[in-house]
Amino acid sequence: MSAVLETTAPPVARDEQRRPWAAVIALARFEARQQLWFLPVFATLLIYIGYTVWQLVFPKDGMAAFPALQDADRATQSGPMLLGVALFICVNRAALRDRRRGTDRQFDVLPMELWRRTLAHLLSVVPYAVVTALIVLGEFTWQALRPGAVGHGSPAELAVGPLFVLLCGTLGVLAARLVPSSAAAPLLVFALFTGSVLVSAGTGGAEWSRWLSPIVGEISHDTLPSDLIGRPAAWHALYLTGLVLLVAVGAVLAGGGRTRVLAAGLAGALALTLAGAVGQSGGVSPELTAARERASVSPEKEQTCVREGGSTYCAFPEWTVRTGTWAGVVHEVQSLSGGTAHTQPLLVQQRIEARYGLDGDAAIEPSTTPHQVTVGAAWGGNRVPEFSAAVASVLVAGNEKAAGELCDGRMVTVMWLALSWQDHPMQSLRNVRLDDSVTGSAIVLAPTDPLSMTAAQTDVVRQLLGRGRDEVGARVKAHWAELTAPKLTTARAAKLLGVAVPKGKMDKCEA
């Protein structure tokens with residue numbers, strides 16, 4: 001008889017499998033949390049979020065309700081700059097923590113090599129880039145949902161802010177591996193700034209050198225149609241992406257990483273950076289130059305025209321939604337006018353100066369075409385009384401060129417027509433004048449050449465705005481022919497409209 005005894009072998013004790021990548025992620029999460037407790041990062045992030053929200057909820061003027069999205073995307077790029085600089089300094093300091101505290105030798109015997117710890121520091125910057133991206137998207141979405149928004153934004157322009165934050169953080173890690181000293185970070189910031197200034201000065205501000213900077217601003221504050229902007233935004237985003245990868249791989253290599261994957265990554269990042277740098281330095285194409293010329297010289301070839309209330313409104317495709325708003329202003333001004341001006345058909349045409357792109361703020365020449373009124377690309381705030389003044393001056397003088405030469409009592413008629421219908425006439429008077437005054441002589445802004453008011457004309461207009469609109473309106477219509485006649489004196493205009501005649505010299509064009 002035999003018996004078979006079966007036993008279960010006890011499990012063999014084995015070393016727990018190492019998970020170095022899990023350790024890298026854990027260290028990256030720890031470092032990301034630690035960064036938030038550095039005062040520069042916490043303060044700049046709080047300021048960035050607070051200032052962005054404040055600007056959106058409490059805009060500084062009425063123009064914010066009518067954004068052009070091709071400008072709104074670029075407006076998101078300046079906010080992350082302080083956060084990026086703070087991250088550069090604080091990530092650099094964190095990467096040098098073990099050396100600063102004399103614990104680098106203890107860390108060297110751990111299973112996590114220096115290059116893996118370097119990678120963890122690089123990954124710790126990613127959450128801040130994600131937060132920046134969310135803020136940028138929120139800011140742009142808020143603008144895009146405004147009822148008065150026009151145009152189209154660029155995803156590549158929106159990517160600049162988050163990429164800048166990534167670049168600053170990775171530069172901080174690279175600096176820590178190349179120059180293991182906390183004093184190097186501020187010096188490197190100064191060196192980079194000085195270097196960019198010297199390159200720009202040495203190349204005469206050439207287009208290719210200007211775009212080597214992570215964030216590229218523009219001189220002009222004019223708004224152009226999306227297809228006339230001409231910024232190489234996609235190439236620049238590619239350039240920044242390559243630069244971030246180049247710096248990150250360089251930091252890992254400087255930390256002791258030696259693999260074929262890293263070598264291939266370095267070559268690929270360098271190729272991306274060079275491709276972006278070459279692509280963004282191409283300058284303005286002949287096709288874009290020709291399109292800008294057409295839009296500036298003969299805008300009617302690019303515009304859509306509609307008729308409303310007897311007048312014609314011509315706008316570039318992205319602005320056709322505003323023709324009704326412009327028509328509302330024209331209706332208000334004409335309802336206060338007398339004679340044939342009350343029903344005079346007008347041609348309201350949107351005009352821009354696009355030949356210089358965003359490199360300059362060129363003025364728009366006044367039109368000599370009878371009954372044509374220019375309206376610009378911006379709207380809201382001060383632009384409303386400026387356009388209203390342009391409509392009134394054309395109704396009184398006949399065309400924009402003649403309106404710019406007004407210097408007699410007809411300015412009283414123009415300004416009352418332009419301002420009296422608005423909700424806050426005195427504030428509109430202040431807004432439409434260059435020096436924001438309501439007394440004395442001043443330049444009156446308009447879409448083309450400005451108008452001018454003498455101190456006496458300002459006094460008369462101020463008196464008229466303080467009276468009832470119906471009372472003054474009846475006098476304007478009753479004496480329309482005389483109130484719009486050439487060489488009308490301010491004194492005569494005051495008498496016709498029933499207000500006190502100011503003392504002193506009335507009109508600068510009097511003999």
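Which residues are buried in H7? In H7, the buried residues are Trp115, Arg116, Arg117, Thr118, Ala120, His121 and Leu122.

The views below come from a predicted model, in which local features need pLDDT of at least 70 and side-chain atom pairs count only at pLDDT 80 or more, while totals for chains, interfaces and linings use all residues. Residues are numbered from 1 along each chain as its sequence is written, and side-chain values use heavy atoms, with hydrogens and water left out.

**View 1. Helix H7, residues 114-123, is mostly covered.** Seven of the 10 residues of H7 are buried. Buried means under 20% relative accessible area, exposed means over 50%, and partly exposed lies in between (1.4 Å probe, protein chains only). Helices (H or I, at least four residues) and strands (E, at least two) are DSSP runs, numbered from the N terminus.

**View 2. Strand E2 (residues 311-315) and its neighbours E1 and E3.** Five of the five residues of E2 are buried, so the strand is largely enclosed by the rest of the structure. In a regular strand the side chains alternate between the two faces of the sheet. On one side of E2 are Ser311, Tyr313 and Ala315, on the other Thr312 and Cys314, and both faces are covered. Strand E1 (residues 304-308) pairs with E2 in the antiparallel sense over five bridges; two strands pair if DSSP finds at least two bridges between them. Serine 311 in E2 is the bridge partner of glutamate 308. Two residues separate E1 and E2 in their hairpin, and glycine 309 in the turn has a positive phi of about 60°. E2 and strand E3 (residues 347-350) run parallel and are joined by three bridges. Tyrosine 313 stands opposite valine 348 in E3. From E2 the chain crosses through helix H16 (residues 323-336) to E3, a β-α-β crossover that is left-handed. A crossover is right-handed if, with the strands pointing away from the viewer, the path from the first strand over the helix to the second runs clockwise.

**View 3. Glutamine 350 in strand E3.** Glutamine 350 has a relative accessible area of 0% and is buried.

**View 4. The largest cavity, with a volume of about 70 Å³.** The structure holds one cavity of 30 Å³ or more. On a 1 Å grid over the protein atoms alone, a cavity is a set of points where a 1.4 Å probe fits but cannot get out, and a pocket is an open set with protein on both sides within 12 Å along at least five of seven lines; lining residues have an atom within 4 Å of a point. Grid points are joined across faces, edges and corners, and a volume is the space filled by probe spheres set on the points. Among the residues that line the largest cavity are Thr374, Ser393, Glu400, Pro447 and Asp449. Helix H17 (383-397) and helix H18 (400-403) each supply at least two lining residues. The lining divides into five nonpolar, four polar and two charged residues. Ala, Val, Leu, Ile, Met, Phe, Trp, Tyr, Cys and Pro count as nonpolar, Asp, Glu, Lys and Arg as charged, and the others, Gly among them, as polar.

**View 5. The second largest pocket, with a volume of about 1000 Å³.** Of the 27 residues that line this pocket, Leu192, Phe193, Ser196, Ser213 and Pro214 lie nearest its centre. Elements that give two or more residues to the lining include helix H4 (80-95), helix H10 (160-178) and helix H13 (233-254). H11 gives the most, with eight residues. The lining divides into 19 nonpolar, seven polar and one charged.

**View 6. The two aromatic pairs of the structure.** Tryptophan 54 and phenylalanine 58 form a tilted pair, 4.6 Å centre to centre with 45° between the planes. Rings of Phe, Tyr and Trp (its six-membered ring) pair if their centres lie within 6.5 Å; planes under 30 degrees apart count as stacked, over 60 as edge-to-face and the rest as tilted. Tryptophan 54 is exposed at 52% relative accessible area, and phenylalanine 58 is partly exposed at 49%. Tryptophan 379 and phenylalanine 387 form an edge-to-face pair, 5.7 Å centre to centre with 70° between the planes. Both tryptophan 379 and phenylalanine 387 are buried.
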